[in-house]
Amino acid sequence: MESKLYIVINAKQSLGQSLSKRLAARGNTVVFLGDDEQAGYALAAEEPRVRFRHCQSLSAKEIATEFLWSERCISKVHGIVVMVPFSQSVLLSEEYYQSLLAEIGSPITDAESPLTLTYVVFPEKDSEADNLKSLHLSLCQRSHDVKNADSTLRINHVFVSDSAVYSSEDCGNLAADTSELIHYLTSTTSHCLHSQAFYFGNV
């Protein structure tokens, strides 16, 4: 099984922590970025393949600094996973990831395995469920725009509709399904998947 390096951003929620553990359990290395040192070091102590790095903000400049540290001190980064509460959907904007790419400096990637950026979008309260569906449909429509193709970066979105699972044992099952999809999206067999929007949960 090929080991990959993932950076998981904005993962202080239980879903993000469970997802990090699931990716690491597959033999991958996970760099966990966040501003909660207690949660970050506790996760790293629980799962030795997870490395916590304190990241005060979600600015492109600070994340790029951690990306470059990971490539210099660990190995090539295969995937970036951004946990996006619906209230922070500004992180999905093209302007944000373009600024991130500019700060990273257009990383050199294998043509068969470019860097992948996967957004995991979820509601924090039940009242956001309908808006989440609308956002999912709009991104599905965007996926038909061939101009979005980029040879250096593959961007996909995973929508999780059920906000009730984040504080329950079901969170582990949801994280398992999501991590399997993320792992597949960084594989060489998924090179044609770009700008796709996947949906988990109640339709």
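This is a predicted model: local features need pLDDT of at least 70, side-chain atom pairs count only at pLDDT 80 or more; totals for chains, interfaces and linings use all residues.
Good morning. Let us begin with the helices. Two packed helices are described by the angle between their axes and the distance between the axes. Here the pair consists of helix 1, residues 14–25, and helix 2, residues 37–46. Their axes come within 11 Å and cross at roughly 25 degrees.

Sorted by class, the contact has two nonpolar, two polar and two charged residues.

I now turn to empty space. Rolling a probe the size of a water molecule over the atoms shows where empty space is left. How many cavities of 30 Å³ or more does a search of the whole structure find? The search finds two. The largest cavity holds about 50 Å³ of space. Its lining is made by Ile80, Tyr97, Leu100, Leu101, Ile104, Leu115, Leu117 and Leu153. Helix 4 gives the most, with four residues. By class, the lining of the largest cavity has eight nonpolar residues, no polar ones and no charged ones.

Next, please look at the largest pocket. About 170 Å³ of space lies in this pocket. The pocket is lined by 16 residues, and those nearest its centre are Asn10, Lys12, Gly34, Asp35 and Cys55. Which elements each supply at least two residues of the lining of the largest pocket? They are strand 2, residues 29–34, and helix 2. The largest share of the pocket lining, however, comes from strand 2, with three residues. By class, the pocket lining divides into seven nonpolar, six polar and three charged residues.

To close, I would set the two linings side by side. The lining of the largest cavity has no polar and no charged residues, whereas the lining of the largest pocket includes six polar and three charged residues. Thank you for your attention.

How values were computed: Residues are numbered from 1 along each chain as its sequence is written. Side-chain values use heavy atoms; hydrogens and water are left out. Axes are lines fitted to C-alpha atoms, for helices over the stretch in contact, and angles run from 0 to 180 degrees between N-to-C directions. Ala, Val, Leu, Ile, Met, Phe, Trp, Tyr, Cys and Pro count as nonpolar, Asp, Glu, Lys and Arg as charged, and the others, Gly among them, as polar. On a 1 Å grid over the protein atoms alone, a cavity is a set of points where a 1.4 Å probe fits but cannot get out, and a pocket is an open set with protein on both sides within 12 Å along at least five of seven lines; lining residues have an atom within 4 Å of a point. Grid points are joined across faces, edges and corners, and a volume is the space filled by probe spheres set on the points.
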